[in-house]
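The following note sets out some points for a colleague who is reading this structure. Each point can be followed in the display below.

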Amino acid sequence: MVKLRLKRCGRKQRAVYRIVAIDVRCRREGRALRKVGFYDPIKNQTYLNVPAILYFLEKGAQPTGTVEDILRKAEAFKELRPNQTQLRK
């Protein structure tokens, strides 16, 4: 199973995160299938590769809670097909 989750980067007390598609059996800093975004909580900046994210969501990838919140704020779910099942509500 594939998940969209955060991968920690940066230095101590100055964490930044990559949003990656990764197998659930891999560790947090393990090898990712694909990098699909970037999130900096200190500067509150987000970069999303929306076509890649939608591709993985259509193939059945599940975002973690934090990644789902980031995607909702960026309104990335509006581009999903209407007949596709909704994620958590």
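A residue is called buried when its relative accessible area is under 20%, exposed when the value is over 50%, and partly exposed in between. The model discussed here is predicted.

1. **Burial of Phe56.** By that definition Phe56 counts as buried, because its relative accessible area is 11%. Leaving aside residues up to four places away in sequence, Phe56 touches Val2, Leu4, Ala21, Arg34, Val36 and Ala61.

2. **The aromatic pair.** One aromatic pair is present in the structure. It joins Tyr55 and Phe56, whose ring centres are 5.4 Å apart and whose planes stand at 75 degrees, so the arrangement is edge-to-face; planes over 60 degrees apart are assigned to that class.

3. **The nonpolar core.** Which residues have the most contacts inside the largest nonpolar core? They are Leu4, Ile19, Val36, Ile53, Phe56, Val67 and Leu71, in a core of 17 residues. At least two residues of this core come from each of strand 1, strand 2, strand 3, helix 1 (50-58) and helix 2 (65-73). Helix 1 is the element that gives the most, with four residues.

4. **Helix 1 and its surroundings.** The buried residues of helix 1 are Ala52, Ile53, Leu54, Phe56 and Leu57. These buried residues pack against strand 1, strand 2, strand 3, strand 4 (45-48), strand 5 (62-63) and helix 2. Just after helix 1 comes Gly60, which takes a positive phi of about 110 degrees.

5. **Strand pairing.** Strand 1 (residues 2-11) and strand 2 run antiparallel and are joined by 10 bridges. Strand 2 also pairs with strand 3 (residues 34-40), again in the antiparallel sense, over five bridges. Ile19 of strand 2 can be traced in both pairings: Leu6 stands opposite Ile19, and Gly37 is the bridge partner of Ile19 in strand 3. Strand 2 (residues 14-23) is mostly covered, with seven of its 10 residues buried.

6. Apart from residues up to four places away in sequence, Lys7 touches Val16, Tyr17, Arg18, Val20, Arg28, Glu29 and Gly30.

7. Gln13 is placed in the loop between strand 1 and strand 2. The hairpin of these strands has two residues between them. Although Gln13 is not a glycine, its phi is positive, at about 60 degrees. Gln13 is exposed, with a relative accessible area of 79%.

8. **Asn44.** A positive phi in a residue other than glycine is found at Asn44 as well, where the value is near 55 degrees. Asn44 lies in the loop between strand 3 and strand 4. With a relative accessible area of 60%, Asn44 is exposed.

Key:
Residues numbered from 1 in each chain as written. Predicted model: local features only at pLDDT ≥ 70, side-chain atom pairs only at ≥ 80, totals over all residues. Heavy atoms only, no water. Buried < 20%, exposed > 50% of the residue type's maximum accessible area, 1.4 Å probe, protein only. Pairing = 2+ DSSP bridges. Phe/Tyr/Trp six-rings, centres within 6.5 Å; stacked < 30°, edge-to-face > 60°. Core = buried A, V, L, I, M, F, W, Y, C linked by side-chain atoms within 4.5 Å. Contact = heavy atoms within 4.5 Å.
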